[in-house]
Amino acid sequence: MRFSAAILIALLAFGAVAKTQEVGLAELFPDERQARTMVVINKVLERFHYRDFKLNGAFAAEVIDNYFTDLDPGRLFFLERDVERFGRSANRLDADLAKGKIDTAFDIFRVYRMRVDARIDYALSLLQQPFDFSRNETYLFKRDEADWATSEAALNELWRKRVKNDYLLLKLAEKTDEEIRQQLRERYTGITRRIHQFTPDDVYQAFVNAYTRTLEPHTSYMSPSTSENFDISMRLSLEGIGAVLRADNEYTVIQRTIPGGPARQSGQIQTGDRIIGVGQGLDGEMVDVVGWRLQDVVDKIRGPKGSVVRLQTLPKSELSGGRMREVSLVRNEIKLEDQAAQHFIIDGLEHDSSLRIGVIEVPAFYRDFRAESAGQRNFRSTTRDVRALIKELEAEGVDALIIDLRGNGGGSLTEALELTGLFIEEGPVVQVKDSFGKVDVEVDPDPAIFYTGPLAVLVDRNSASASEIFAGAIQDYGRGIIIGEATFGKGTVQTLIDLDRYVPGDDTQLGRLRLTMAEFYRISGGSTQLRGVEPDIRFELGLQGVDHGERSLDNALPWSQIQPARFDAMTVPDIDILKQRSARRVLKDDGFRMLFDQARILSEIEAQDEVSLSASQRRAESDRREQVLKGKKAAFLRARGIEPVDEDADEVDEDALEKQQEVIDRILTQEAARILADLIVLQGDDERLRAAMRD
């Protein structure tokens, strides 16, 4: 089942309470409180949402489609006649929803539950039969755009292949026949058990989130029970692994890891990995979580600080090969010092061995608001840390500076403003337009400029929000060169609204709405939304065809433009010659060649929508991909004098793994340093360059 990004992050951060009691079909009907909540949500969306909203027949029809997709993203349960039957009711759904009438949502869910029961019974019967893995047949596992099955026989055939594929993945992971059948029996009966635990509040929340997702992907609803669990968990001493998860069909997928968190620090958890199982402690039972609701997986992963959780993952590169990995993580809170900016120096460049390029890695825009509100003068913040690091680098005689924002998902807007202020004298940094059309201009709070030398900002597809504000401002001012990939494209602002405030004097709890209410615009007038920040010099890593970031979300707000703010841009150096020189180097660089080869395989995996059900073909395909992904990386590392770490070993040397990843991460940093060195050489001596940058 799919949920909005807002709910995913909230659940990951604060946990959820798993239900154990079965709910009867006769209980799955809407109540008066939910009807009242629906009316309030309609009014709040119409009045305050950033996107113009009008509840009409076309919108209601799309809500029904999204609700079916959220319940059954793999199109494994519903029949075409179910979808058509309820689709016909969409012509009156807009009038029903305006009155708070949501019977259709519950009617659909009751049918869904009956379809799940029937499918799981059939799947269990298949486990009593042998499988022939020598047959040349395929299984379509990406089914979000597939046609709905037209008959029971069509569903039976689909499930025959689905169960066979599930069996084959475990077989390739070298499990015995008995182990596989037992694990799959538990997996399938678990799907039924969890669907039977859906309460009326759960059904209502699922429908309303399909409703809000039809409007915009970052707007979502939390029912009163989810809100209560949210509040309780904030007060509990529970910690996590430092990762944002999302639901993808029946899998829980790593969306990104958080700087300073156990997942990022382990070096063994990567974006796109699927979580197959979760175990508690060093030797607790590994529980299969395929088919689980996202909330329940999150609840299983979270626990007391200092305790161990084990994850069984299927790496993104192994989605067809079945080679699973078990990673042990110690739950912990993510502290500011774990996310703090760090620095190092790149020297010995071929342009001029005397040139020294300082690099400051900024993994997040952090600010210790608690210490600040307590009156502590020396509270920790990104800008304060970067200022101190620049002083150290200047004391060591660096000629230029790189701010590395790769993987930086954002954070404090205040820090984005203040960090920009270190590199410009004064002026606007970002514009914020609210749902009423009012535009506020956020400015650099410090008129002084702290660093005046040559500057580059390194970004990637995971640089988002505050990172995009900073990079966009530096680019608009012409203050530095933006290098890397197009950024994430998250340019909207959300707020959490307690719906109870709209029914004063009533003790009924209605829940909360996370609402998109504003949008960020660059000072040049264009939004950071959807397109992100396009680098001046782009590293073409072969992943352009892969959906990522805001561009991959349904109903995302479009890119738009407003009047530019008034600001004084600097003279921009000639980028074309820098691009040409960089492109020539990149073609010859063994590190970039490795990254290109890896990107080619990952793009191939991303584009794949079906797999062979022949064991020999699957092994051959997996071995081919492993040779590229692991073999090329191993060759590159050995050329750098580093023995590759066996990431699948029982005992992984995490220090060596971190050093290995550092060498790979610096492939792009080294080229960014060469680009800055080109700029310095082309501009002549340092004084002439600085004068040009200030012109």
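Arg-581 is partly exposed, because its relative accessibility is 28%. This figure, like the others here, comes from a predicted model. The side chain of Arg-581 meets that of Asp-678 in a salt bridge, at 3.8 Å from N to O. Arg-581 belongs to helix H18, while Asp-678 lies in helix H21 (residues 654–683), so the pair ties together parts that are 97 residues apart in sequence. What is the relative accessible area of Asp-678, and is the residue buried or exposed? Asp-678 has a relative accessible area of 2%, so it is buried. The bridge is part of a network: shared partners join Glu-350, Arg-581, Arg-585, Glu-671, Arg-674 and Asp-678 through salt bridges.

**Asp-589, a charge without a bridge**

Asp-589 sits in the loop between helix H18 (575–588) and helix H19 (590–607). Which side chain of opposite charge is nearest to Asp-589, and how far away is it? It is Arg-674, at 4.1 Å.

Asp-589 does have other partners. Its side chain reaches the backbone nitrogen of Phe-592 at 3.0 Å. Leaving aside residues up to four places away in sequence, Asp-589 touches Ile-667 and Arg-674.

**Salt bridges compared**

The model has 46 salt bridges in its count. Three of them are set out here.

| Pair | Closest N to O distance |
|---|---|
| Asp-177 and Arg-181 | 3.0 Å |
| Arg-538 and Glu-540 | 4.0 Å |

Take Asp-177 and Arg-181. Both lie in helix H8 (residues 177–195). They are four residues apart, about one turn of the helix. Their surroundings can be read from the accessibility values. Asp-177 has a relative accessible area of 39%, so it is partly exposed. Arg-181 stands at 13%, and therefore counts as buried.

Now take Arg-538 and Glu-540. Arg-538 has a relative accessibility of 30%, so it counts as partly exposed. Glu-540 is at 46% and is also partly exposed.

**Arg-461, in a loop**

Where is Arg-461 placed? Arg-461 is in the loop between strand E16 (455–459) and helix H17 (466–477). Its relative accessible area is 15%, so Arg-461 is buried. The side chain of Arg-461 makes a polar contact with the side chain of Glu-485, at 3.1 Å. Asp-368 is a residue 93 places from Arg-461 along the chain. The C-alpha atoms of Arg-461 and Asp-368 are separated by 27 Å.

**A nonpolar patch**

Charged residues are one part of the picture. Which residues make a nonpolar surface patch of about 210 Å²? They are Val-439, Val-441 and Val-443. Val-439 is found in strand E15, which covers residues 439–443. Val-439 has 36% relative accessibility, so it counts as partly exposed. Membership of a patch requires over 30% relative accessible area, so the 36% of Val-439 passes that cut-off.

Terms used: Residues are numbered from 1 along each chain as its sequence is written. This is a predicted model: local features need pLDDT of at least 70, side-chain atom pairs count only at pLDDT 80 or more; totals for chains, interfaces and linings use all residues. Side-chain values use heavy atoms; hydrogens and water are left out. Patches are made of residues with over 30% relative accessible area and no salt bridge: like charges are joined within 9 Å, nonpolar side chains (Val, Leu, Ile, Met, Phe, Trp, Tyr) within 5 Å. Accessible areas come from the Shrake-Rupley method with a 1.4 Å probe; for residues, only the protein chains shown count as cover. Helices (H or I, at least four residues) and strands (E, at least two) are DSSP runs, numbered from the N terminus. Buried means under 20% relative accessible area, exposed over 50%, partly exposed in between (1.4 Å probe, protein chains only). Lys and Arg count as positive and Asp and Glu as negative; His and the chain ends are not counted. A polar contact is a pair of N or O atoms within 3.5 Å; within protein, one must be able to donate a hydrogen and the other to accept it, and residues adjacent in sequence count only if both atoms are side-chain atoms. Contact means heavy atoms within 4.5 Å.
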